[in-house]
Amino acid sequence: MKKQFMATVATGAFLAAGATSAQAEDLTLCWAAWDPANALVELSKDFEEKSGHKMSFEFVPWPNFADRMLNELNSGGQLCDLMIGDSQWIGGGAESGHYVKLNDFFDAEDITMDDFIPATVTGYSEWPKGTPNYWALPAFGDVVGWTYRKDWFERPELQAEFKEKYGRDLGVPATLAELKDIAEFFEGRDIDGNTVYGAAIYTERGSEGITMGVTNALYNYGFLYENPEKPYEMEGFVNSPGAVEGLEFYKALYDVGPPPGSSNWYMGENIDAYKSGQVALQMNFAFIWPGVEADPNVGGGKSGYFPNPAGPAGQFAQLGGQGISVVAYSSKQDAALEYIKWFAQPEIQARWWELGGYSALKAVVEDPGFASSQPYAQTFLDSMAIVKDFWAEPAYADLLLAMQEKIHDYVIAGNGTAQEALDGLVEEWTVIFEDEGKL
């Protein structure tokens with residue numbers, strides 16, 4: 001991070017000298033196993049030094065993260081004192097009593113949600129949505145965006161060929177249709193003696209992958225989870241004509257863009273395909289961008305970044321990221337709350353960004369130096385301004401499994417039509433909400 005940016009962030013003491021807790025505790029923080037977790041370990045050394053508490057970490061690979069941690073919560077386990085849980089868990093965490101409600105703590109410590117990016121407060125902290133009931137502090141802002149081989153796009157011979165074929169310059173796409181053209185243009189092309197492909201997109205079936213991918217098309221073609229005027233009324237919204245068109249688009253993108261054998265890909269596979277020079281474009285969450293910049297093959301100016309492009313119904317992107325919660329079954333809640341207080345400080349949040357974390361604190365992201373502090377910083381800001389999220393209902397897991405199955409069967413396996421897939425999804429989600437007593 002540029003020094004002038006760091007210099008503008010307000011600083012303050014976490015604990016006055018001698019004000020450490022009367023008794024040091026060993027705290028365990030649970031999260032997914034990925035690069036940001038490693039950055040958090042480094043960041044947390046400051047907390048250990050200032051508080052006297054010792055931090056331990058339980059990191060679980062993404063494909064197993066939800067099963068492992070939701071089982072831990074549902075069993076009332078005491079492994080985790082702090083949980084950085086997915087945004088979709090917030091409803092279940094609140095209604096099932098897994099998370100400590102933080103309102104009184106925030107009030108006592110003068111921590112206000114007005115200081116954080118609004119979308120992250122709604123996505124990571126609130127339940128019920130739209131109410132000032134907080135169960136987490138926004139911890140890691142994330143969103144699906146795109147990475148592209150800027151060095152390939154800038155080659156004069158490719159620029160000339162693309163312009164002749166499509167009548168426009170080869171550059172960052174403004175629309176999803178333009179993105180598909182670029183993917184098709186690069187599909188099977190020879191670059192430096194290697195056969196390359198268009199776009200690595202999310203197709204994974206087992207956890208959440210294809211849902212986190214397809215929504216970036218569905219939202220932009222008019223898909224809505226429910227009637228804005230009548231909660232849980234899904235007919236004509238989930239399966240609207242626009243939503244059907246969006247699903248058809250995603251299948252068309254899959255049919256022209258990705259490398260062979262990419263029928264079950266998620267974050268890791270997309271990263272590998274991009275870094276190894278197999279694809280011109282990569283769909284992935286923003287957390288990967290620091291690693292892209294640092295990579296010897298695709299970093300150092302060879303890559304560019306852009307938000308999910310617009311569709312006929314607008315420009316939106318799938319929200320990722322997580323909030324940090326105090327687990328209700330922890331016997332060390334006071335010490336865990338100290339960690340929340342420490343983490344919320346502007347100088348700690350600035351350091352978090354510097355290490356590769358994505359701060360959701362306005363004091364960090366609205367600083368005049370932020371947008372130029374990294375090559376992907378402006379794309380992060382632009383993307384976080386257009387986010388939407390999946391259901392955060394307590395029945396989130398069942399809702400997700402139904403969507404995974406229906407979408408994968410149509411997009412990847414080629415079974416049935418887009419209309420049939422979404423009609424079937426409405427039927428399954430209706431049963432789930434009936435069982436929940438919501439319909």
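## Gly91 and its contacts

Gly91 is in contact with Trp127, Ala392 and Pro394, leaving aside neighbours within four places in sequence. Contact means heavy atoms within 4.5 Å. This is a predicted model: local features need pLDDT of at least 70, side-chain atom pairs count only at pLDDT 80 or more, and totals for chains, interfaces and linings use all residues. Residues are numbered from 1 along each chain as its sequence is written, and side-chain values use heavy atoms, with hydrogens and water left out.

Gly91 sits in helix α4 (residues 90-95). Helices (H or I, at least four residues) and strands (E, at least two) are DSSP runs, numbered from the N terminus. Is Gly91 buried or exposed? Its relative accessibility is 0%, so Gly91 counts as buried. Buried means under 20% relative accessible area, exposed over 50%, and partly exposed in between (1.4 Å probe, protein chains only). Gly91 and Ala395 are 304 residues apart along the chain, yet their C-alpha atoms are separated by 8.5 Å.

## Two further glycines

Gly123 belongs to helix α6 (residues 118-124). It is buried, with a relative accessible area of 6%. Phe390 lies 267 residues from Gly123 in sequence, and 9.3 Å from it in space, C-alpha to C-alpha.

Gly277 is in the loop between α12 (267-275) and β7 (279-285). Gly277 counts as buried because its relative accessibility is 17%. It touches Arg149, Trp152 and Val196, not counting residues up to four places away in sequence. Gly277 and Ala139 are 138 residues apart along the chain, and their C-alpha atoms are separated by 32 Å.

## Helix α9

Which residues of helix α9 (residues 176-186) are buried? They are Leu176, Leu179, Asp181, Ile182, Ala183, Phe185 and Phe186. An α-helix has 3.6 residues a turn, so residues three or four places apart point the same way. Just after α9, Gly188 takes a positive phi of about 75 degrees.

## Helix α11 and its partners

Helix α11 (residues 241-256) and helix α18 (residues 396-411) have axes that come within 9 Å and cross at roughly 55 degrees. Axes are lines fitted to C-alpha atoms, for helices over the stretch in contact, and angles run from 0 to 180 degrees between N-to-C directions. The two helices are therefore oblique to each other. Angles under 35 degrees count as roughly parallel, over 145 as roughly antiparallel, 65 to 115 as roughly perpendicular, and the rest as oblique. Leu247, Glu248, Tyr250, Lys251 and Tyr254 in α11 meet Ile407, Tyr410 and Val411 in α18. By class, this contact has six nonpolar, no polar and two charged residues. Ala, Val, Leu, Ile, Met, Phe, Trp, Tyr, Cys and Pro count as nonpolar, Asp, Glu, Lys and Arg as charged, and the others, Gly among them, as polar.

Helix α10 (residues 209-221) also meets α11. Their axes come within 8 Å and cross at roughly 130 degrees. That makes α10 oblique to α11. On the α10 side, the contact is made by Ile210, Gly213, Val214, Ala217, Leu218 and Tyr221. The α11 side includes Gly242, Ala243 and Glu245. By class, the contact has nine nonpolar, three polar and one charged residues.

## Two domains

The protein is divided into domain 1 (3-142 + 320-388) and domain 2 (144-318). These bounds come from an automatic or database domain assignment. The C-alpha centres of the two domains lie 29 Å apart. Their contact takes 20 residues from domain 1 and 21 residues from domain 2.
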